[in-house]
Amino acid sequence: MHGRERELERLGSLLAGARDGLGGTAVVSGGIGSGRTATLGAVAATAGSTGMQVLRACAAPAEREFACGVVHQLVDPLLPGGRVHDDLPVGVDDDALADPVGFLDRTTAPGSPLVVLVDDLQWADDPSLDWLVELALSSHERPVALVCSVLAGDRGADRRSVRRLLATARDVRLHPLSERATTALVEERIGAGSAPGTAGMFHAASLGNPMVLTQLLSEAASSGDDTAARTPVGELRPPALLERFARAVRDLDDEALRYLRSVVVLDEDGDAGTIRRLSGLDAAAARTARARLVDVGLLLDRDPPGPSHPAVADVALGPTDRCTVHAEAARLLHEVGRPPAEVAGHLLACTTPLERWAVHTLRTAASLCLAEDPVGGGRSAADHLRRVLLDGDLSPAERGSVLADLAAAESGHAPTIATRHVAQALPLLDGPRTRARAIAALPVGAVVTAPAEVRDAIRQADADPATAGDRPLALRIRTRRHRLDEQTPEGLEAGCARLQEVLADPDAELSTSAGQELITVLLHGAALSGRVPAASVAGLGARLLRTVPAHELDPTGALTELLGLALVAADRAGSLAHRLAVQQGAASGAGRSADLHALLALARGREVRLAPRDPDAPVTPLAVALTATAVVKEVRIRGTDTDTDLARPRLPERAMHRLCRSGAASAAGDLPLALECLLDAGRHLDHLGWRNPALFPWRGRAALLAARLGEVGTARDLAETELSLATSWGAPAALGRALRVCAELAEGPERLRLLRSASAVLAGSEDGAEADRAAVALEHCPDTVARPTAAGGGPVPRRPVPRPVLAPRPATGAPAASAEAPLGAAVAARAGSSRAMGTGADRLTAGEQEAVAMVRAGASNQQIAQQLRVSRHAVEKRLTSAYRKLGIGGRGDLGPG
């Protein structure tokens, strides 16, 4: 009995008086679960230990109609041989009932002290209550202690007989346990070695109610948790606890039940006046109901009142009643002028048809959610608007407007669904302005994969002069047009031209959210194409990142993805990575957020383990750039389908597929297939205009593969193109990597010069791994380098570091040779030795021989494809295989026919 020392001391003094011949009466009162029964049990144990005779009974609601039922529980054990009906008739006029003291004198030992315990007196039958009142009135003259327990606030406690008994007794009120008592009980049940704060969590969840506390401890133990560290204690709902509260709710009178339901539904929104109006009670009845609910232990005595435990709210209303009361609460709060957010909360909790005021309230609340929290408020706003669509009586134009608002709310967390809602809204809207507003709600990240009718609507809205008068709206439409045009070189060129205009005066666009959105998309397009210098992209991206408030930058949003890709390309991703780490606790989320975190890590030279991609996820430029970078850095791409070349409708998907196949082939040691797939992917990327080597460094990788296969001319062409593009872009990581690749193909002083240039450039890069690679290559370069001075004054002889000799193509399943092993002179040696072996024409297939013959005749690949009635890709594939077999670098080495 932790925390009940004072109460037991008072009851102990009553027992001591009874032993001295001066008895008395005490009533132990408390709310539900306060420990009344346990207290009576402690009294019985104390009385028995001191030699007192104990009579005990327990009343129950189901036995209230059985006359003298409690009396029989008390006196039947006193009768010889058990209860004999003739010895104790149950009639009200029986002498035994009329004179309880006399009966006890006849059936107990003379002078023996007696304790009579009755639990739940409020449920006792009336004849038994009268009998107990008579015993209480005479107990002070005899060695009899009468101790009863009463559930405070129960309707049964208001009966006249109970009140008479309470008037003669000393009141022992049971209050909630202190935190110290709770700690003792928790340590007793789950051990003293529980986690710090465990007892405090249980105390906060139970509010010191012994029944609630013991039920929570039992539930936590049954779930396998010995501490609250792994158990959400406040969310536990033990079945026995729910049933006990439900029984108490069933026993309430109508006024108390209405008041309780009003409190539960209004929750924190309810003051005394609002609760009274919702319950339909006058002021006096409301005060009475509240006092009764507090006494019985269903409400907390505070302002505003609240349930004593969440389980009370769970059982106070059934589904139908809950819906009805929430609908009434919404109307009441609307009438008294409460904020829309409060009213909307009740409208969401019911499913009744919505009137006009309710539709307006929900739409207003949705707008406020987005205004107060642009990043996290979208989900709440979407809930409000879906309720309007489901149960609002809307015209077609109104439905289209709500769908557009819903798309705007969903754009951050559900872009695909938002795009579908825009597509549904457009046919319902009248006028170009309203359709333009719907298009402005279209998620920027989902523009490219939107249905054809939505893409056409974007182009029409961008060309429509009706939107020109609303500059923010016009900017948002133009932003989506630029995003749509990122799939073509011409569109990217137009975006870069617009970015150059913004760079001349960026403040105008940086000052508005619509302008910031436009800048993000333009930076992204410039990063894909590499047409604007990296320094300009990095500078404007850094300003944008400083301008956008932290609470408006969604770590998993499309705009963060677009800006992140631009900063990665410019080799300035550190600031964004740090900001995302602060906002997300350095945790990479799912989907696009995971891709962005992986690319940010690779761009800074960190080790990354790529998770399998969702096959249904859209293929974005970020996903393609991540895959290309992983292939170049030889990071394993797990869970990718590389066995089946499916027909893919969009170029990014085709490029992604071929990149993955190249990586898998390289890992398996099939370098020709790796090169073929990589060249295929590169052609797809070039058709898109995505030529930036900082994001799509496939040429450098392909150059090293081609060199290993003896295609020296192809390798040099690819490396030189990569270097030219990297020089034009200007980012240190891309330029340094391109220089290192060129150095691998060079020999002598040129190799040394290129490696020194690469190391110098990479000193300003965030990609530490690439800088280390260049440094190691420079250190192992066998050509003349600065060396320390020996003791004799001359240079210390440096032993050349041997470079691996190029091995023949490994057999299937053999370990892959790295495509970036030092090449140098071995490239030229391989080309010469290949020619010395002969032409190899006897190993060419018929198709390869035809293609080679036409090349010698001066035909282009396109002419060969037309003549042979095959695709240009097939011609390139045949020629690549033929060059490899012949041991030459390209068509220039074939000579005339």
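User: Buried means under 20% relative accessible area, exposed means over 50%, and partly exposed covers what lies in between. How does Cys58 count in this predicted model?

Analyst: The model is predicted. Cys58 has a relative accessible area of 38%. That value falls between the 20% and 50% cut-offs. Cys58 is therefore partly exposed.

User: How many disulfides does a search of the whole structure find?

Analyst: A disulfide is a covalent bond between the sulfur atoms of two cysteines. The sulfur atoms must lie within 2.5 Å to count. Across the whole structure, the number of disulfides found is zero.

User: Cys323 is in no disulfide, so how far away is the nearest cysteine sulfur?

Analyst: The cut-off for a disulfide is 2.5 Å between sulfur atoms. Cys323 is in no disulfide. The nearest cysteine sulfur belongs to Cys350, at a distance of 4.9 Å.

User: Is Cys323 buried or exposed?

Analyst: Cys323 has a relative accessible area of 15%. The limit for burial is 20%. Cys323 therefore counts as buried.

User: What is the mean pLDDT of the chain?

Analyst: Of the residues in the chain, 86% reach a pLDDT of 70 or more. Residues 585-591 are below 50, and this stretch has seven contacts beyond near neighbours in sequence. Residues 784-840 are also below 50, with 88 such contacts in the model. For the chain, the mean pLDDT is 84.

User: What percentage of the 897 residues counts as buried?

Analyst: The secondary structure comes to 43 helices and seven strands. Among contacts with a separation of 6 or more, 70% join residues 24 or more positions apart. Of the 897 residues, the buried share is 50%.

User: At what angle do helices α35 and α37 pack?

Analyst: Two packed helices are described by the angle between their axes and the distance between the axes. Helix α35 spans residues 698-708, and helix α37 spans residues 732-745. Their axes are 10 Å apart. The packing angle is about 10°.

User: Are α35 and α37 roughly parallel or roughly antiparallel to each other?

Analyst: Their angle is about 10°. Angles under 35 degrees count as roughly parallel. α35 and α37 are therefore roughly parallel.

User: Where is Gln487, and how far in space is its C-alpha from that of Gly689?

Analyst: Gln487 sits in the loop between α24 and α25. Its relative accessibility is 18%, so Gln487 counts as buried. Leaving aside neighbours within four places in sequence, Gln487 is in contact with Val448, Arg650, Pro652, Leu688 and Trp690. Gln487 and Gly689 are 202 residues apart in sequence, yet their C-alpha distance is 7.3 Å.

User: Which residues is Arg481 in contact with, leaving aside neighbours within four places in sequence?

Analyst: Arg481 lies in helix α24. At a relative accessible area of 22%, Arg481 is partly exposed. Asp456 is 25 residues away from Arg481 in sequence and 9.9 Å away in space, C-alpha to C-alpha. The contacts of Arg481 are Ile458, Arg459 and Asp462.

User: Which residues does Gln122 touch, not counting those up to four places away in sequence?

Analyst: Gln122 lies in the loop between β3 and α6. Its relative accessibility is 0%, so Gln122 counts as buried. Gln122 touches Arg64, Ser149, Val150, Leu151, Asp154, Gly156, Ala157 and Arg159.

User: What is the phi of Asp120?

Analyst: Most residues other than glycine have a negative phi. Asp120 is in the loop between β3 and α6. Asp120 is buried, at a relative accessible area of 9%. Its phi is positive, about 60°.

User: What is the phi of Asp267 near?

Analyst: Asp267 is found in the loop between α12 and α13. Its relative accessibility is 43%, which makes Asp267 partly exposed. Asp267 is a residue other than glycine with a positive phi, near 55°.

User: What is omega for the cis peptide bond that joins Asp303 and Pro304?

Analyst: Most peptide bonds are trans. The bond between Asp303 and Pro304 is cis. Pro304 lies in the loop between β6 and β7. Omega is about -5°.

Definitions and conventions:
Residues numbered from 1 in each chain as written. Predicted model: local features only at pLDDT ≥ 70, side-chain atom pairs only at ≥ 80, totals over all residues. Heavy atoms only, no water. Axes fitted to C-alpha atoms, helices over the stretch in contact; angles between N-to-C directions. Helix = DSSP H or I, 4+ residues; strand = E, 2+ residues; numbered from the N terminus. Parallel < 35°, antiparallel > 145°, perpendicular 65-115°, else oblique. Buried < 20%, exposed > 50% of the residue type's maximum accessible area, 1.4 Å probe, protein only. Contact = heavy atoms within 4.5 Å. pLDDT = per-residue confidence, 0-100.
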